[in-house]
Amino acid sequence: MQLSYELKTLRLLHPFILSDSRIETKDVIIIRFEHEGITGIGESSPSRYYGEPPASVLECLGKAADLLGQFKDPSSIEDIMRLLLQHFPENSSARSGIDMALHDWVGKKSQLPLYKFFKLDRARTPFTSFTIGIDELSVIEQKIREAESYPILKIKLGVGEQDFEIITAIRKVTDKILRVDVNEGWNKEEAAIKIDWLAGQGVELIEQPLPKKNYDGMIWLKQRSKLPLFADESVKTNEDISALQECFHGINIKLDKCGGLLEAVKMIKTARKHELKIMLGCMIQTVIGTTAAAHISPLADFADLDGHLLTSDHSFQGMEIKNGKIILNDKYGIGILE
Ligand SMILES: [Mg+2]
């Protein structure tokens with residue numbers, strides 16, 4: 001078994017401005033896993049927010065390459081990922097990239113597209129939202145025009161009084177379904193007022209309104225919110241889920257946060273037990289990572305798998321998005337063409 005990897009810097013089509021940061025490029029790591037003449041491909045799109053700078057992914061992959069030598073059969077993904085979790089508990093994104101490459105390999109080896117490997121129906125993929133980042137109002141209007149073919153928009157808010165101006169400006173140019181992602185940018189009283197107002201603006205759901213550890217605030221907010229509330233920063237792995245039932249109506253699962261497809265499928269089962277809705281999200285990344293997630297998207301209620309559409313990179317081909325609908329091809333594994 002041989003693991004190789006390369007750092008790739010993606011350029012964003014628009015600088016990405018969140019309530020607390022602004023980025024123009026995104027570093028990802030493309031991972032290849034070769035065994036018996038078959039190469040599986042995966043991607044790690046790490047985030048400093050979750051304590052994982054790209055350098056730590058590269059370091060982790062270097063060490064993981066040695067550990068993988070212990071295994072004879074790449075299809076024992078559970079065993080491999082358990083060992084990697086023991087050694088690299090803080091490197092969920094690096095582990096996710098390896099998990100993805102292993103799944104791609106197994107899909108190719110067994111001649112199954114991943115959705116079939118997971119016994120899912122690709123006709124049941126959801127529509128994805130398209131993200132509109134915080135910006136000047138004129139730029140936001142331009143972005144809305146560029147997003148013409150996407151029926152659902154995810155609007156980033158969390159910038160004080162400007163939140164009202166942004167939604168008002170958007171509503172002048174489109175009546176599409178809006179989802180709002182606050183990235184922890186509100187306090188609870190502000191959230192209550194804004195959610196009341198947004199409920200009358202055709203907004204479908206609110207993601208991460210309060211700081212991630214403000215559980216008491218979230219319990220208070222959930223009791224009075226007119227819109228469903230989704231956890232993103234508050235939820236990383238399966239272990240986080242049970243504490244969130246009182247706080248949220250749903251959770252946003254991302255491969256780079258949780259450590260890969262295996263953990264994501266476990267999280268979906270746990271969330272269902274706790275009567276939480278499922279959103280499947282992504283990082284800013286190439287189509288490798290978003291397509292891997294798309295294979296399990298028939299299990300989700302909502303998809304936000306637009307990360308590759310926000311960059312100028314076209315090195316890979318994978319899933320397509322037609323008028324917002326996720327379309328998986330029937331190639332083996334993840335179905336990536338280079
Ligand atoms: Mg989010």
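How are H5 and H6 oriented to each other: parallel or oblique? The legends below describe a predicted model, and the first view gives the answer.

**View 1. Helices H5 and H6 cross each other.** Helix H5 covers residues 137-146 and helix H6 covers residues 162-173. Their axes come within 10 Å and cross at roughly 40°. Angles under 35 degrees count as roughly parallel, and H5 and H6 are therefore oblique to each other. The crossing in which H5 passes H6 is right-handed. On the H5 side, the contact is made by Leu137, Ile140, Glu141 and Ile144. On the H6 side, Glu165, Ile166, Ala169, Ile170 and Val173 take part. Of the residues in this contact, seven are nonpolar, two are charged and none is polar.

**View 2. Helix H7 passes helix H8.** Here the helices are H7, residues 188-199, and H8, residues 215-224. Their axes come within 10 Å, with a crossing angle of roughly 20°. That angle makes H7 roughly parallel to H8. H7 passes H8 in a right-handed crossing. H7 contributes Lys188, Ala191 and Ala192 to the contact, while H8 contributes Gly217, Trp220, Leu221 and Arg224. The contact residues divide into four nonpolar, one polar and two charged.

**View 3. Eight strands form an open sheet.** The order of the strands is E4-E5-E6-E7-E8-E9-E10-E11, and their pairing is parallel. Strand E4 (130-132) and strand E11 (302-303) stand at the edges. Each of these edge strands has a single partner strand, so one side of each is left without a neighbour in the sheet.

**View 4. Strands E8 and E9 run parallel within the sheet.** E8 spans residues 229-231 and E9 spans residues 250-253. Two bridges join these strands. Alanine 231 has isoleucine 251 of E9 as its bridge partner.

**View 5. Domain 1 touches domain 2.** The chain is divided into domain 1 (2-112) and domain 2 (116-327). The centres of the two domains, taken over C-alpha atoms, are separated by 23 Å. In the contact, 34 residues of domain 1 meet 31 residues of domain 2. On the domain 1 side, the elements that give two or more residues are strands E1 (2-18), E2 (21-35) and E3 (38-44), together with helices H2 (77-87) and H3 (92-109). H3 gives the largest share of this side, nine residues. The domain 1 side is made up of 16 nonpolar, twelve polar and six charged residues.

Note on methods. Residues numbered from 1 in each chain as written. Predicted model: local features only at pLDDT ≥ 70, side-chain atom pairs only at ≥ 80, totals over all residues. Axes fitted to C-alpha atoms, helices over the stretch in contact; angles between N-to-C directions. Helix = DSSP H or I, 4+ residues; strand = E, 2+ residues; numbered from the N terminus. Parallel < 35°, antiparallel > 145°, perpendicular 65-115°, else oblique. Left-handed = near helix turned anticlockwise from the far one by under 90°. Contact = placed C-beta atoms within 7 Å. Nonpolar A, V, L, I, M, F, W, Y, C, P; charged D, E, K, R; others polar. Domains from an automatic or database assignment. Pairing = 2+ DSSP bridges.
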